Amino acid sequence: AYLAGRLCSAVARQMGTLSTVASNRTAAFLSSAFTSSLFYVSGLTLGPYISGNCSTGLSATWITSPSSSIGVPVDRPSSCSSGVPVSSALTEFIVFGQSTALSGVAADKGLGMRMGIWAAFAWQNANGGIFGRKLALETLDDAYSAGPAGANTMTFIQDSRVLALVGYVGTAAAVQASTLAANHSIALVGPYTGSDAVRVPFQPTTVNVRASYSDEIHALVKFLTTNTQTTRVSIFYQNDSFGQAGYAALVQTLYAVNLRLFTAAAYSLTSTDYGAAVQTVLGHAANMSPEAVVVHALSQYAAPFVALAQATFPTPAYFLLTSPAAVSADTLRQYGGSPDRVLVSQVVPSPVDTTVPVVNAYISALRAVNSTATPDWFSLEGYLA
């Protein structure tokens, strides 16, 4: 959300006004190639940008500003033509669309991302918006499922008020959105996924904020092999596109340091036999259990697996948790586990480290929209998006 606001500001400085931004998402936000009129925002290169306008027939739609819970009617265009002034209702808000998990197994991540975006938008709106226009977020629930995510994305694409997509959660949803964004020339900013599927091949309409799963796993393995003599590395992963991305990243990372994957066990969102998974990860060689296990899973599946594996393995092992699997020490203890020898990779700074300027700004913005909100990794990533 922070980046999305910066993008709007950059476009506005280039064009002198945002009165035409919403009318032509392709021209005003991201074009098909980064060739000229480039903008540099937080280390990212974005552009080129050109102007355009659009006027349409109207059908009433209600949106909510992050700074207010009161719905605001905005006229929805139904057709576009060049050279006709944009309606005043259309220029009042800069609208972003978000399809995310507000329910289901990843609801904590989706709700957190939305809260962080709200906080960033509310702060920007309280400080004059973007050249007088307010940022607004429309969120639809996809329950961490690719089908609804694709349908929600098309709803946003067909809504001429929506300038860009932001803060999608999950690999399947992000891949759907990235493909549709490229096909329909609309920007997708800050999806919550580290999958290479939204990075390769390069898509100028997708702006990634977080590090990739390859980056996370490389950092974990490098830390482990630099500080220990570990050679037997296994993985516990989710059996879908998210989990398979982590599996592939680990295989490639180990190959680069002349190691091979020791064992692997996958779990299903609908049925998880942790005992069977632990036995699969242990393998069949006598006295040869894994020295380290990468856990590339959602946190609610990671905690019981780690606790059971700690109690079952004949010798202690390191557990390397990627950011989606991050769990607290208290959660591990609730399952009978221990935080000892558990390492976690994160793609944003600690959400409570106020020595980092952006974290301090995030906490202030979060408390401004919800005085009782607890800073966490998910809402910080939403704020940064």
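## Strand pairing in the sheet

V295 has L321 of β13 as its bridge partner, and strand β12, residues 292–296, is joined to β13 by 4 bridges, the two strands running parallel. Helices and strands here are DSSP runs numbered from the N terminus, with H or I over at least four residues for helices and E over at least two for strands, and two strands pair if DSSP finds at least two bridges between them. This is a predicted model, in which local features need pLDDT of at least 70 and side-chain atom pairs count only at pLDDT 80 or more, while totals for chains, interfaces and linings use all residues. Residues are numbered from 1 along each chain as its sequence is written, and side-chain values use heavy atoms, with hydrogens and water left out.

β12 and β13 belong to an open sheet of 5 strands in the order β11-β10-β12-β13-β14, with parallel pairing. The edge strands, each pairing on one side only, are β11 (261–267) and β14. On average, neighbouring strands of this sheet are turned by 20° against each other, direction ignored.

## Helices packed on the sheet

Helix α8, residues 241–256, packs on the sheet and touches β10 (233–238), β11 and β12, where contact means heavy atoms within 4.5 Å. The direction of α8 makes about 165° with that of β10; axes are lines fitted to C-alpha atoms, for helices over the stretch in contact, and angles run from 0 to 180 degrees between N-to-C directions. Helix α10, residues 299–312, also packs on the sheet, touching β10, β11, β12, β13 and β14, and its direction makes about 170° with that of β13.

The 14 residues of α10 should span 20 Å at 1.5 Å a residue, and the end C-alpha atoms of α10 are 20 Å apart, which agrees; the expected span is 1.5 Å times one less than the number of residues. Buried residues of α10 include S299, Y301, A302, A303, P304, F305, V306, A307 and A309, with buried meaning under 20% relative accessible area, exposed over 50% and partly exposed in between, for a 1.4 Å probe and protein chains only.

## The pair α12 and α13

Helix α12 (residues 357–369) and helix α13 (residues 377–384) pack at an angle of about 100°, with their axes 10 Å apart. The two helices are therefore roughly perpendicular to each other, a label given to angles of 65 to 115 degrees, whereas angles under 35 degrees count as roughly parallel, over 145 as roughly antiparallel and the rest as oblique.

V358, V359, A361, Y362, A365 and L366 of α12 make the contact with S379, L380, Y383 and L384 of α13. By class, this contact has 9 nonpolar, 1 polar and no charged residues, where Ala, Val, Leu, Ile, Met, Phe, Trp, Tyr, Cys and Pro count as nonpolar, Asp, Glu, Lys and Arg as charged, and the others, Gly among them, as polar.

## Loop residues and backbone geometry

S323 lies in the loop between β13 (318–321) and α11 (329–334), and S323 counts as buried because its relative accessibility is 4%. Leaving aside neighbours within four places in sequence, S323 is in contact with Y192, R210, E216, S345, Q346 and V347.

A cis peptide bond, with omega about -5°, joins V200 and P201, and P201 lies in the loop between β8 (187–189) and β9 (206–207). Y144, a residue other than glycine, has a positive phi near 65°; Y144 lies in the loop between β6 (134–141) and α5 (146–157) and is buried, with a relative accessible area of 16%. R341, which is not a glycine either, has a positive phi of about 60°; R341 lies in the loop between α11 and β14 (342–344) and is partly exposed, with a relative accessible area of 38%.
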